[in-house]
Amino acid sequence: MTRLFRTPGILAALAAVAAGCAAGAARPAQTPSAPAARPKLIVQLVIDQMRAGYIDRYGGQWTAGLRRLITEGAHFTEARYPYTGTVTCAGHASIGTGTVPAVHGMILNEWYDRETRRRVACANDPSVTPVGFTRPVTGRNSGRRMITQTFAERLDASQAPEAARVVTVSLKARSAVGLAGHTGDMVVWFDGGTFASSSAFGNPAWLTPWLEAHPIEALVSAEWTRARPASAYLGTDNEQGARPTRGWTAEFPHKLSDTGTATTEFYDRWTRGPYSDAYLADMAIAAIDAMALGQREGTDYLGVSFSALDLVGHKFGPNSHEVQDMLVRADETIGRLLAHLDAKVGRANYVVALSADHGVGEVPEDLGPQGGRLARGAVARVIDEVLDKAWGVDGTHVEHDLYTDYYLTEASRTRLAGDPAAQAALRTAIEAIPAVLRVMTAGDWAAASATADPLIASARLSYHPERSGDLTVLLREHFTASSDAASHGTYWDYDRRVPVILFGSPFKAGRFEGPASPLDIAATWSRLTGVALDRPYGRSLDAAVK
(Lines give C-alpha, C1' and ligand atoms only; values in the text may rest on other atoms or scores of the structure.)
Protein backbone atom coordinates (compact mmCIF):
# COMPACT_ATOMS: atom_id res chain seq x y z
CA MET A 1 0.00 0.00 0.00
CA THR A 2 1.28 3.47 -0.85
CA ARG A 3 2.50 5.58 2.05
CA LEU A 4 2.67 9.32 1.51
CA PHE A 5 4.50 11.65 3.85
CA ARG A 6 2.21 14.65 4.16
CA THR A 7 1.87 16.95 7.13
CA PRO A 8 -0.69 19.80 7.19
CA GLY A 9 2.08 22.37 6.91
CA ILE A 10 3.63 20.72 3.90
CA LEU A 11 0.26 20.26 2.25
CA ALA A 12 -0.52 23.95 2.62
CA ALA A 13 2.86 24.96 1.28
CA LEU A 14 2.58 22.47 -1.54
CA ALA A 15 -0.81 23.80 -2.59
CA ALA A 16 0.50 27.37 -2.73
CA VAL A 17 3.66 26.49 -4.62
CA ALA A 18 1.89 24.12 -7.02
CA ALA A 19 -0.67 26.79 -7.85
CA GLY A 20 2.11 29.27 -8.53
CA CYS A 21 4.01 26.76 -10.66
CA ALA A 22 0.93 26.10 -12.74
CA ALA A 23 0.31 29.81 -13.19
CA GLY A 24 3.87 30.61 -14.15
CA ALA A 25 4.76 27.49 -16.13
CA ALA A 26 5.82 28.04 -19.71
CA ARG A 27 4.78 24.48 -20.54
CA PRO A 28 1.61 23.57 -18.63
CA ALA A 29 0.71 19.94 -18.02
CA GLN A 30 -1.54 18.00 -20.37
CA THR A 31 -4.47 15.71 -19.77
CA PRO A 32 -3.31 12.24 -20.89
CA SER A 33 -4.42 11.31 -24.39
CA ALA A 34 -5.90 7.93 -25.20
CA PRO A 35 -3.16 5.30 -24.75
CA ALA A 36 -1.27 3.92 -27.72
CA ALA A 37 -0.24 0.25 -27.83
CA ARG A 38 0.53 -0.54 -24.19
CA PRO A 39 4.03 -1.96 -23.64
CA LYS A 40 4.72 -5.00 -21.48
CA LEU A 41 7.77 -3.42 -19.88
CA ILE A 42 8.80 0.20 -19.35
CA VAL A 43 12.55 0.65 -18.90
CA GLN A 44 13.87 3.91 -17.48
CA LEU A 45 17.62 4.38 -17.87
CA VAL A 46 19.41 7.27 -16.17
CA ILE A 47 23.10 8.04 -16.58
CA ASP A 48 24.04 10.23 -13.65
CA GLN A 49 25.76 13.47 -14.76
CA MET A 50 25.46 12.83 -18.51
CA ARG A 51 25.13 16.25 -20.08
CA ALA A 52 23.62 16.50 -23.55
CA GLY A 53 26.82 17.81 -25.15
CA TYR A 54 28.52 14.46 -24.61
CA ILE A 55 26.47 12.97 -27.45
CA ASP A 56 27.84 15.34 -30.09
CA ARG A 57 31.31 15.49 -28.59
CA TYR A 58 31.97 11.84 -27.71
CA GLY A 59 29.23 9.95 -29.56
CA GLY A 60 31.59 8.94 -32.37
CA GLN A 61 33.30 6.64 -29.85
CA TRP A 62 30.12 4.60 -29.27
CA THR A 63 29.11 1.54 -31.27
CA ALA A 64 26.64 -0.44 -29.13
CA GLY A 65 23.77 0.49 -26.79
CA LEU A 66 24.04 4.28 -26.69
CA ARG A 67 24.61 4.31 -30.43
CA ARG A 68 21.53 2.14 -30.93
CA LEU A 69 19.35 4.39 -28.79
CA ILE A 70 20.51 7.50 -30.63
CA THR A 71 20.12 6.09 -34.15
CA GLU A 72 16.95 4.03 -33.64
CA GLY A 73 15.24 6.19 -31.02
CA ALA A 74 13.53 9.56 -30.85
CA HIS A 75 16.26 11.94 -29.70
CA PHE A 76 15.10 15.26 -28.22
CA THR A 77 18.20 17.36 -28.71
CA GLU A 78 17.08 20.46 -26.78
CA ALA A 79 15.79 18.79 -23.62
CA ARG A 80 16.36 20.74 -20.41
CA TYR A 81 15.30 20.67 -16.80
CA PRO A 82 13.00 23.63 -16.11
CA TYR A 83 14.42 24.22 -12.62
CA THR A 84 17.78 25.28 -11.17
CA GLY A 85 18.40 22.70 -8.43
CA THR A 86 20.06 20.25 -10.81
CA VAL A 87 21.23 17.54 -8.42
CA THR A 88 20.73 13.78 -8.20
CA CYS A 89 17.78 13.52 -5.84
CA ALA A 90 15.80 16.26 -7.56
CA GLY A 91 16.51 14.83 -11.01
CA HIS A 92 15.49 11.26 -10.24
CA ALA A 93 12.34 12.33 -8.39
CA SER A 94 11.44 14.64 -11.29
CA ILE A 95 11.91 11.84 -13.84
CA GLY A 96 9.96 9.49 -11.58
CA THR A 97 7.01 11.81 -10.90
CA GLY A 98 6.93 14.05 -13.97
CA THR A 99 6.79 17.17 -11.84
CA VAL A 100 9.16 19.79 -10.37
CA PRO A 101 10.97 19.84 -6.99
CA ALA A 102 8.68 22.63 -5.73
CA VAL A 103 5.86 20.09 -5.98
CA HIS A 104 7.42 16.68 -5.26
CA GLY A 105 9.52 18.16 -2.46
CA MET A 106 12.85 16.46 -3.20
CA ILE A 107 14.56 19.81 -3.72
CA LEU A 108 18.17 18.76 -3.09
CA ASN A 109 20.16 15.69 -2.06
CA GLU A 110 19.75 16.94 1.49
CA TRP A 111 18.37 19.98 3.27
CA TYR A 112 18.29 21.47 6.76
CA ASP A 113 15.32 20.51 8.89
CA ARG A 114 14.41 23.51 11.03
CA GLU A 115 12.45 21.46 13.57
CA THR A 116 15.18 18.92 14.35
CA ARG A 117 17.98 21.39 13.55
CA ARG A 118 19.77 18.73 11.53
CA ARG A 119 20.55 17.98 7.90
CA VAL A 120 18.31 15.31 6.41
CA ALA A 121 19.13 13.27 3.33
CA CYS A 122 16.27 13.28 0.86
CA ALA A 123 15.72 9.50 1.00
CA ASN A 124 16.48 9.04 4.70
CA ASP A 125 13.70 7.51 6.80
CA PRO A 126 14.50 6.59 10.43
CA SER A 127 11.20 4.71 10.72
CA VAL A 128 12.14 1.89 8.35
CA THR A 129 14.28 -1.18 8.99
CA PRO A 130 17.43 -1.50 6.87
CA VAL A 131 17.78 -4.66 4.77
CA GLY A 132 21.23 -5.97 3.83
CA PHE A 133 21.03 -8.87 1.41
CA THR A 134 24.42 -10.42 2.18
CA ARG A 135 25.34 -8.72 5.46
CA PRO A 136 23.89 -6.16 7.90
CA VAL A 137 23.64 -2.51 6.84
CA THR A 138 22.73 0.64 8.72
CA GLY A 139 21.28 2.97 6.06
CA ARG A 140 17.55 3.61 6.38
CA ASN A 141 15.93 4.89 3.19
CA SER A 142 12.48 5.18 1.63
CA GLY A 143 10.32 7.59 -0.36
CA ARG A 144 8.75 9.02 2.80
CA ARG A 145 9.93 12.58 2.10
CA MET A 146 8.56 12.56 -1.45
CA ILE A 147 5.25 14.45 -1.44
CA THR A 148 3.87 13.14 -4.73
CA GLN A 149 3.54 9.68 -6.22
CA THR A 150 5.74 8.43 -9.03
CA PHE A 151 4.51 7.06 -12.33
CA ALA A 152 5.66 3.60 -11.19
CA GLU A 153 3.38 3.80 -8.13
CA ARG A 154 0.42 4.93 -10.20
CA LEU A 155 1.11 2.16 -12.73
CA ASP A 156 1.19 -0.40 -9.95
CA ALA A 157 -2.08 0.82 -8.41
CA SER A 158 -3.82 0.89 -11.80
CA GLN A 159 -3.32 -2.82 -12.38
CA ALA A 160 -4.63 -4.37 -9.15
CA PRO A 161 -5.09 -7.23 -8.47
CA GLU A 162 -2.48 -8.13 -11.11
CA ALA A 163 -0.10 -5.41 -9.92
CA ALA A 164 2.86 -4.22 -11.91
CA ARG A 165 6.24 -5.38 -10.78
CA VAL A 166 8.39 -2.35 -10.02
CA VAL A 167 12.18 -2.81 -9.89
CA THR A 168 14.76 -0.02 -9.55
CA VAL A 169 18.51 -0.39 -8.97
CA SER A 170 21.33 2.10 -8.48
CA LEU A 171 24.43 2.74 -6.41
CA LYS A 172 22.60 5.64 -4.75
CA ALA A 173 19.53 5.22 -2.55
CA ARG A 174 18.17 8.59 -3.65
CA SER A 175 18.33 7.46 -7.28
CA ALA A 176 16.61 4.11 -6.85
CA VAL A 177 13.98 5.63 -4.55
CA GLY A 178 13.36 8.64 -6.82
CA LEU A 179 12.37 6.38 -9.71
CA ALA A 180 10.29 3.96 -7.60
CA GLY A 181 8.65 6.24 -5.04
CA HIS A 182 7.06 4.97 -1.83
CA THR A 183 6.68 1.33 -2.86
CA GLY A 184 8.33 -1.22 -5.12
CA ASP A 185 8.93 -4.93 -5.43
CA MET A 186 12.71 -4.46 -5.55
CA VAL A 187 14.33 -1.10 -4.81
CA VAL A 188 18.05 -1.63 -4.27
CA TRP A 189 21.15 0.51 -3.71
CA PHE A 190 24.79 0.11 -2.63
CA ASP A 191 25.57 0.56 1.05
CA GLY A 192 29.08 0.22 2.41
CA GLY A 193 30.24 -2.81 0.46
CA THR A 194 26.95 -4.58 -0.22
CA PHE A 195 23.58 -3.98 -1.81
CA ALA A 196 20.71 -2.98 0.41
CA SER A 197 17.08 -1.97 0.63
CA SER A 198 14.62 -1.31 3.46
CA SER A 199 11.35 -2.55 4.92
CA ALA A 200 9.52 0.02 2.77
CA PHE A 201 10.10 -2.17 -0.27
CA GLY A 202 9.91 -5.80 -1.35
CA ASN A 203 12.61 -8.33 -0.47
CA PRO A 204 12.95 -10.72 -3.44
CA ALA A 205 14.12 -14.17 -2.34
CA TRP A 206 16.32 -14.69 -5.40
CA LEU A 207 18.52 -11.64 -4.85
CA THR A 208 20.65 -12.83 -1.92
CA PRO A 209 21.85 -16.03 -3.63
CA TRP A 210 22.48 -14.06 -6.82
CA LEU A 211 24.62 -11.51 -4.98
CA GLU A 212 26.51 -14.28 -3.21
CA ALA A 213 27.18 -15.95 -6.57
CA HIS A 214 28.49 -12.68 -8.04
CA PRO A 215 30.85 -11.24 -5.39
CA ILE A 216 32.20 -7.76 -5.98
CA GLU A 217 35.32 -8.85 -4.11
CA ALA A 218 36.36 -10.96 -7.12
CA LEU A 219 37.70 -7.69 -8.57
CA VAL A 220 40.17 -6.83 -5.80
CA SER A 221 43.08 -7.34 -8.18
CA ALA A 222 41.43 -5.50 -11.08
CA GLU A 223 42.80 -2.36 -12.68
CA TRP A 224 40.71 0.16 -14.59
CA THR A 225 42.34 0.75 -17.96
CA ARG A 226 40.96 2.33 -21.12
CA ALA A 227 38.64 0.23 -23.26
CA ARG A 228 40.21 1.78 -26.39
CA PRO A 229 43.70 3.05 -27.31
CA ALA A 230 44.52 6.46 -25.85
CA SER A 231 44.51 7.93 -29.37
CA ALA A 232 40.77 7.16 -29.64
CA TYR A 233 40.00 9.71 -26.92
CA LEU A 234 39.96 13.49 -27.18
CA GLY A 235 42.43 15.62 -25.26
CA THR A 236 45.11 14.43 -22.87
CA ASP A 237 44.99 11.93 -20.05
CA ASN A 238 46.52 14.21 -17.43
CA GLU A 239 43.85 16.84 -16.76
CA GLN A 240 45.40 19.65 -14.70
CA GLY A 241 42.18 20.36 -12.86
CA ALA A 242 41.55 16.75 -11.82
CA ARG A 243 41.10 16.02 -8.13
CA PRO A 244 41.10 12.20 -8.14
CA THR A 245 39.97 10.02 -5.27
CA ARG A 246 42.62 9.04 -2.71
CA GLY A 247 45.21 6.63 -4.07
CA TRP A 248 44.60 7.46 -7.73
CA THR A 249 46.41 9.93 -9.97
CA ALA A 250 45.03 11.95 -12.87
CA GLU A 251 46.31 9.32 -15.33
CA PHE A 252 45.35 5.76 -16.21
CA PRO A 253 45.58 3.02 -15.01
CA HIS A 254 43.61 3.03 -11.73
CA LYS A 255 43.95 0.10 -9.34
CA LEU A 256 40.86 -0.95 -7.40
CA SER A 257 43.01 -2.05 -4.47
CA ASP A 258 46.59 -1.34 -3.48
CA THR A 259 46.68 -4.35 -1.16
CA GLY A 260 44.62 -6.95 -3.03
CA THR A 261 42.06 -7.01 -0.21
CA ALA A 262 38.45 -5.82 0.03
CA THR A 263 38.93 -2.72 2.16
CA THR A 264 36.65 0.30 2.41
CA GLU A 265 38.95 1.96 -0.11
CA PHE A 266 38.38 -0.93 -2.56
CA TYR A 267 34.60 -0.59 -2.42
CA ASP A 268 34.87 3.17 -2.89
CA ARG A 269 37.09 2.76 -5.96
CA TRP A 270 34.81 0.03 -7.35
CA THR A 271 31.93 2.51 -7.40
CA ARG A 272 34.08 5.09 -9.23
CA GLY A 273 34.56 3.19 -12.45
CA PRO A 274 32.88 1.05 -15.11
CA TYR A 275 32.67 -2.14 -13.04
CA SER A 276 29.79 -0.86 -10.93
CA ASP A 277 27.73 0.10 -13.98
CA ALA A 278 28.27 -3.37 -15.46
CA TYR A 279 27.20 -4.94 -12.17
CA LEU A 280 23.97 -2.93 -12.06
CA ALA A 281 23.17 -4.06 -15.60
CA ASP A 282 23.84 -7.67 -14.61
CA MET A 283 21.49 -7.28 -11.66
CA ALA A 284 18.80 -5.77 -13.89
CA ILE A 285 19.19 -8.66 -16.35
CA ALA A 286 18.86 -11.13 -13.48
CA ALA A 287 15.70 -9.34 -12.29
CA ILE A 288 14.17 -9.54 -15.79
CA ASP A 289 14.64 -13.30 -15.69
CA ALA A 290 13.86 -14.02 -12.03
CA MET A 291 10.78 -11.79 -11.85
CA ALA A 292 9.56 -12.33 -15.42
CA LEU A 293 9.50 -8.58 -16.04
CA GLY A 294 7.57 -7.80 -19.19
CA GLN A 295 6.58 -11.45 -19.55
CA ARG A 296 3.22 -11.46 -17.74
CA GLU A 297 -0.15 -9.82 -18.04
CA GLY A 298 -0.02 -6.06 -17.54
CA THR A 299 2.93 -3.66 -17.66
CA ASP A 300 6.03 -3.80 -15.46
CA TYR A 301 8.58 -1.06 -14.68
CA LEU A 302 12.37 -1.37 -14.56
CA GLY A 303 14.54 1.59 -13.58
CA VAL A 304 18.33 1.44 -13.79
CA SER A 305 20.36 4.47 -12.71
CA PHE A 306 24.04 4.24 -13.55
CA SER A 307 25.81 6.33 -10.90
CA ALA A 308 29.49 5.93 -11.71
CA LEU A 309 29.80 8.65 -14.36
CA ASP A 310 28.82 11.20 -11.71
CA LEU A 311 31.45 9.93 -9.27
CA VAL A 312 34.07 9.99 -12.00
CA GLY A 313 33.02 13.32 -13.49
CA HIS A 314 33.24 15.12 -10.17
CA LYS A 315 36.83 13.99 -9.68
CA PHE A 316 38.24 14.17 -13.22
CA GLY A 317 36.07 16.71 -15.05
CA PRO A 318 34.05 16.45 -18.28
CA ASN A 319 37.04 16.56 -20.66
CA SER A 320 38.96 13.71 -19.08
CA HIS A 321 39.78 10.34 -20.60
CA GLU A 322 38.07 8.83 -17.56
CA VAL A 323 34.71 10.39 -18.48
CA GLN A 324 35.13 9.37 -22.10
CA ASP A 325 35.96 5.81 -21.09
CA MET A 326 32.98 5.65 -18.75
CA LEU A 327 30.72 6.52 -21.67
CA VAL A 328 32.38 3.96 -23.95
CA ARG A 329 31.77 1.33 -21.25
CA ALA A 330 28.20 2.54 -20.66
CA ASP A 331 27.61 2.13 -24.41
CA GLU A 332 28.73 -1.50 -24.18
CA THR A 333 26.79 -2.16 -20.95
CA ILE A 334 23.52 -0.72 -22.28
CA GLY A 335 24.00 -2.69 -25.50
CA ARG A 336 24.15 -5.88 -23.46
CA LEU A 337 21.00 -4.93 -21.55
CA LEU A 338 19.09 -4.12 -24.76
CA ALA A 339 20.16 -7.39 -26.33
CA HIS A 340 18.78 -9.29 -23.34
CA LEU A 341 15.52 -7.37 -23.51
CA ASP A 342 15.23 -8.24 -27.20
CA ALA A 343 15.73 -11.92 -26.46
CA LYS A 344 13.70 -12.26 -23.27
CA VAL A 345 10.90 -9.69 -23.54
CA GLY A 346 10.73 -9.18 -27.30
CA ARG A 347 11.63 -6.11 -29.32
CA ALA A 348 8.00 -5.05 -29.76
CA ASN A 349 7.08 -5.47 -26.08
CA TYR A 350 9.32 -3.01 -24.25
CA VAL A 351 10.06 0.70 -24.39
CA VAL A 352 13.07 2.59 -23.10
CA ALA A 353 13.75 6.17 -22.06
CA LEU A 354 17.30 7.36 -21.55
CA SER A 355 18.01 10.57 -19.68
CA ALA A 356 20.20 12.07 -16.96
CA ASP A 357 19.48 13.63 -13.59
CA HIS A 358 21.69 16.64 -14.39
CA GLY A 359 24.69 17.68 -16.45
CA VAL A 360 27.99 19.11 -15.24
CA GLY A 361 30.08 22.25 -15.59
CA GLU A 362 33.67 22.65 -16.62
CA VAL A 363 36.53 22.59 -14.14
CA PRO A 364 36.53 26.31 -13.19
CA GLU A 365 40.32 26.59 -13.12
CA ASP A 366 40.46 25.44 -16.74
CA LEU A 367 38.45 28.51 -17.77
CA GLY A 368 40.77 31.13 -16.31
CA PRO A 369 39.02 34.38 -15.28
CA GLN A 370 35.72 33.19 -16.79
CA GLY A 371 35.26 30.59 -14.05
CA GLY A 372 35.67 30.38 -10.31
CA ARG A 373 34.48 29.07 -6.96
CA LEU A 374 32.35 30.46 -4.17
CA ALA A 375 34.61 30.25 -1.14
CA ARG A 376 33.25 28.17 1.73
CA GLY A 377 31.72 30.39 4.38
CA ALA A 378 31.99 33.61 2.34
CA VAL A 379 28.26 34.27 2.12
CA ALA A 380 27.60 33.34 5.75
CA ARG A 381 30.26 35.81 6.89
CA VAL A 382 28.69 38.59 4.82
CA ILE A 383 25.23 37.82 6.22
CA ASP A 384 26.52 38.02 9.80
CA GLU A 385 28.43 41.24 9.13
CA VAL A 386 25.54 43.01 7.38
CA LEU A 387 22.92 42.05 9.97
CA ASP A 388 25.21 42.89 12.88
CA LYS A 389 25.68 46.37 11.41
CA ALA A 390 22.02 46.84 10.50
CA TRP A 391 20.74 45.82 13.93
CA GLY A 392 23.60 46.98 16.13
CA VAL A 393 24.29 43.51 17.48
CA ASP A 394 27.19 41.07 17.58
CA GLY A 395 25.88 37.61 16.89
CA THR A 396 25.58 34.61 14.58
CA HIS A 397 22.62 34.87 12.26
CA VAL A 398 23.25 31.85 9.98
CA GLU A 399 22.21 28.67 11.72
CA HIS A 400 23.23 26.43 8.82
CA ASP A 401 24.31 26.62 5.20
CA LEU A 402 24.02 23.87 2.61
CA TYR A 403 24.79 24.07 -1.12
CA THR A 404 23.78 27.68 -1.82
CA ASP A 405 20.95 27.80 0.72
CA TYR A 406 21.35 29.72 3.99
CA TYR A 407 19.15 28.99 6.99
CA LEU A 408 18.89 31.78 9.55
CA THR A 409 18.22 31.50 13.24
CA GLU A 410 14.55 31.82 14.11
CA ALA A 411 15.04 35.26 15.69
CA SER A 412 17.00 36.59 12.68
CA ARG A 413 14.55 35.10 10.19
CA THR A 414 11.60 36.75 11.90
CA ARG A 415 13.32 40.12 12.22
CA LEU A 416 14.61 40.12 8.64
CA ALA A 417 11.13 39.41 7.23
CA GLY A 418 9.96 42.77 8.60
CA ASP A 419 13.05 44.80 7.71
CA PRO A 420 13.17 45.76 4.01
CA ALA A 421 16.24 47.94 4.56
CA ALA A 422 18.23 45.02 5.97
CA GLN A 423 17.07 42.83 3.09
CA ALA A 424 18.29 45.42 0.59
CA ALA A 425 21.63 45.74 2.38
CA LEU A 426 22.04 41.97 2.36
CA ARG A 427 21.25 41.78 -1.34
CA THR A 428 23.80 44.47 -2.21
CA ALA A 429 26.56 42.93 -0.10
CA ILE A 430 26.04 39.31 -1.18
CA GLU A 431 25.73 40.19 -4.86
CA ALA A 432 29.07 41.99 -4.61
CA ILE A 433 30.73 38.58 -4.15
CA PRO A 434 32.21 37.71 -7.59
CA ALA A 435 30.61 34.25 -7.77
CA VAL A 436 27.10 35.50 -6.99
CA LEU A 437 24.62 36.65 -9.61
CA ARG A 438 21.44 36.98 -7.51
CA VAL A 439 20.23 36.35 -4.01
CA MET A 440 16.64 35.48 -3.17
CA THR A 441 14.98 35.98 0.20
CA ALA A 442 11.94 34.06 1.39
CA GLY A 443 9.79 37.08 0.58
CA ASP A 444 11.05 37.24 -3.01
CA TRP A 445 9.50 33.95 -4.05
CA ALA A 446 5.88 35.14 -3.91
CA ALA A 447 6.69 38.05 -6.22
CA ALA A 448 8.56 35.66 -8.52
CA SER A 449 5.31 34.05 -9.67
CA ALA A 450 4.83 36.83 -12.23
CA THR A 451 8.48 37.28 -13.21
CA ALA A 452 9.65 37.40 -16.80
CA ASP A 453 13.21 36.65 -15.69
CA PRO A 454 13.92 33.03 -16.78
CA LEU A 455 16.55 32.57 -14.07
CA ILE A 456 14.14 33.49 -11.27
CA ALA A 457 11.26 31.55 -12.82
CA SER A 458 13.49 28.50 -13.02
CA ALA A 459 14.79 28.91 -9.47
CA ARG A 460 11.24 29.13 -8.16
CA LEU A 461 10.52 25.62 -9.41
CA SER A 462 13.19 24.34 -6.99
CA TYR A 463 11.89 26.29 -3.99
CA HIS A 464 9.92 24.65 -1.19
CA PRO A 465 9.04 26.98 1.72
CA GLU A 466 9.52 24.36 4.44
CA ARG A 467 12.74 22.89 3.05
CA SER A 468 14.60 25.64 1.21
CA GLY A 469 16.85 28.18 2.89
CA ASP A 470 15.82 31.66 4.03
CA LEU A 471 18.34 33.04 1.54
CA THR A 472 19.21 31.31 -1.73
CA VAL A 473 22.22 32.32 -3.77
CA LEU A 474 22.16 31.94 -7.57
CA LEU A 475 25.64 31.59 -9.02
CA ARG A 476 27.15 33.16 -12.11
CA GLU A 477 27.86 30.98 -15.12
CA HIS A 478 30.94 28.74 -14.70
CA PHE A 479 31.08 29.29 -10.93
CA THR A 480 30.55 26.54 -8.38
CA ALA A 481 30.28 26.19 -4.61
CA SER A 482 31.80 22.70 -4.74
CA SER A 483 35.34 21.63 -3.88
CA ASP A 484 35.23 18.86 -6.50
CA ALA A 485 37.04 19.30 -9.81
CA ALA A 486 33.69 19.79 -11.58
CA SER A 487 30.15 20.05 -10.29
CA HIS A 488 26.55 20.97 -11.09
CA GLY A 489 23.40 22.30 -9.42
CA THR A 490 22.87 25.58 -11.28
CA TYR A 491 20.61 27.22 -13.85
CA TRP A 492 23.14 27.15 -16.66
CA ASP A 493 22.73 25.02 -19.76
CA TYR A 494 25.65 22.70 -18.99
CA ASP A 495 23.75 21.59 -15.86
CA ARG A 496 20.15 21.66 -17.13
CA ARG A 497 20.52 20.33 -20.68
CA VAL A 498 20.56 16.53 -20.73
CA PRO A 499 19.64 13.73 -23.15
CA VAL A 500 16.05 12.62 -23.59
CA ILE A 501 15.76 9.61 -25.90
CA LEU A 502 12.67 7.43 -26.36
CA PHE A 503 13.19 4.00 -27.88
CA GLY A 504 10.75 1.27 -28.86
CA SER A 505 8.06 0.36 -31.34
CA PRO A 506 5.63 3.18 -30.32
CA PHE A 507 8.21 5.86 -31.23
CA LYS A 508 9.46 7.41 -34.45
CA ALA A 509 13.21 7.40 -34.92
CA GLY A 510 14.89 10.73 -35.53
CA ARG A 511 16.05 14.02 -34.02
CA PHE A 512 13.44 16.30 -32.51
CA GLU A 513 14.52 19.89 -31.84
CA GLY A 514 11.42 21.25 -30.10
CA PRO A 515 11.17 21.99 -26.37
CA ALA A 516 11.44 18.93 -24.13
CA SER A 517 12.32 17.99 -20.58
CA PRO A 518 13.10 14.83 -18.61
CA LEU A 519 9.81 15.55 -16.81
CA ASP A 520 8.07 14.77 -20.10
CA ILE A 521 9.11 11.12 -19.89
CA ALA A 522 6.58 10.23 -17.17
CA ALA A 523 3.91 12.13 -19.09
CA THR A 524 4.77 10.07 -22.17
CA TRP A 525 4.47 6.85 -20.15
CA SER A 526 1.09 8.18 -19.05
CA ARG A 527 0.17 8.67 -22.70
CA LEU A 528 1.16 5.10 -23.60
CA THR A 529 -0.59 3.44 -20.66
CA GLY A 530 -3.51 5.72 -19.82
CA VAL A 531 -2.23 5.96 -16.22
CA ALA A 532 -2.81 9.48 -14.85
CA LEU A 533 0.06 11.18 -13.04
CA ASP A 534 -0.06 12.80 -9.62
CA ARG A 535 0.22 16.62 -10.18
CA PRO A 536 2.16 16.49 -13.48
CA TYR A 537 4.23 19.34 -14.89
CA GLY A 538 5.71 17.58 -17.92
CA ARG A 539 3.93 17.02 -21.23
CA SER A 540 3.73 13.89 -23.35
CA LEU A 541 6.27 13.97 -26.16
CA ASP A 542 3.59 13.25 -28.75
CA ALA A 543 5.78 14.41 -31.64
CA ALA A 544 7.66 11.13 -31.27
CA VAL A 545 4.65 8.85 -30.79
CA LYS A 546 3.55 7.00 -33.91
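How much space lies in the largest cavity? The largest cavity holds about 90 Å³, and it is shown in one of the views below. The model is predicted: local features need pLDDT of at least 70, side-chain atom pairs count only at pLDDT 80 or more, and totals for chains, interfaces and linings use all residues. Residues are numbered from 1 along each chain as its sequence is written, and side-chain values use heavy atoms, with hydrogens and water left out.

**View A. The whole protein chain, with 19 helices and 20 strands.** Helices (H or I, at least four residues) and strands (E, at least two) are DSSP runs, numbered from the N terminus. Taken along the principal axes, the C-alpha atoms fill a box of roughly 70 × 55 × 45 Å. Of the 546 residues, 61% are buried (under 20% relative accessible area, with a 1.4 Å probe and protein chains only). Among contacts (heavy atoms within 4.5 Å) with a separation of 6 or more, 76% join residues 24 or more positions apart.

**View B. The largest nonpolar core, with 142 residues.** A nonpolar core is a set of buried Ala, Val, Leu, Ile, Met, Phe, Trp, Tyr and Cys residues joined through side-chain atoms within 4.5 Å. Met186, Phe195 and Met283 have the most contacts inside this core. Leaving out residues up to four places away in sequence, Met283 touches Val169, Met186, Val188, Phe195, Trp206, Leu207, Trp210 and Leu211. Another core, of 23 residues, lies apart from the largest one and includes Ala380, Val382, Ala422 and Ile430.

**View C. Helix H7, residues 173–180.** Seven of the eight residues of H7 are buried, so the helix is largely enclosed by the rest of the structure. The buried residues are Ala173, Ser175, Ala176, Val177, Gly178, Leu179 and Ala180. Their cover includes helices H4 (88–97) and H6 (151–158), together with strands S1 (41–47), S6 (166–170), S7 (186–191) and S11 (300–306). Gly181 follows H7 and has a positive phi, near 100 degrees.

**View D. Val120 in strand S4, residues 118–121.** Val120 counts as buried because its relative accessibility is 9%. Apart from neighbours within four places in sequence, Val120 is in contact with Asn109, Glu110, Trp111, Asp113 and Arg145.

**View E. The two cavities of 30 Å³ or more.** On a 1 Å grid over the protein atoms alone, a cavity is a set of points where a 1.4 Å probe fits but cannot get out, and lining residues have an atom within 4 Å of a point. Grid points are joined across faces, edges and corners, and a volume is the space filled by probe spheres set on the points. The largest cavity is lined by 13 residues, of which Gly361, Phe479, Thr480, Ser487 and Tyr494 are the closest to its centre. Strand S18 (479–480) and helix H18 (493–496) each supply at least two residues of this lining. The second largest cavity, of about 50 Å³, is lined by Ala52, Ile55, Asp56, His75, Thr77, Arg497 and Arg511.

Note on methods
Buried < 20%, exposed > 50% of the residue type's maximum accessible area, 1.4 Å probe, protein only. 1 Å grid on protein atoms, 1.4 Å probe; cavity = no way out; pocket = protein on both sides within 12 Å on 5 of 7 lines; lining within 4 Å.
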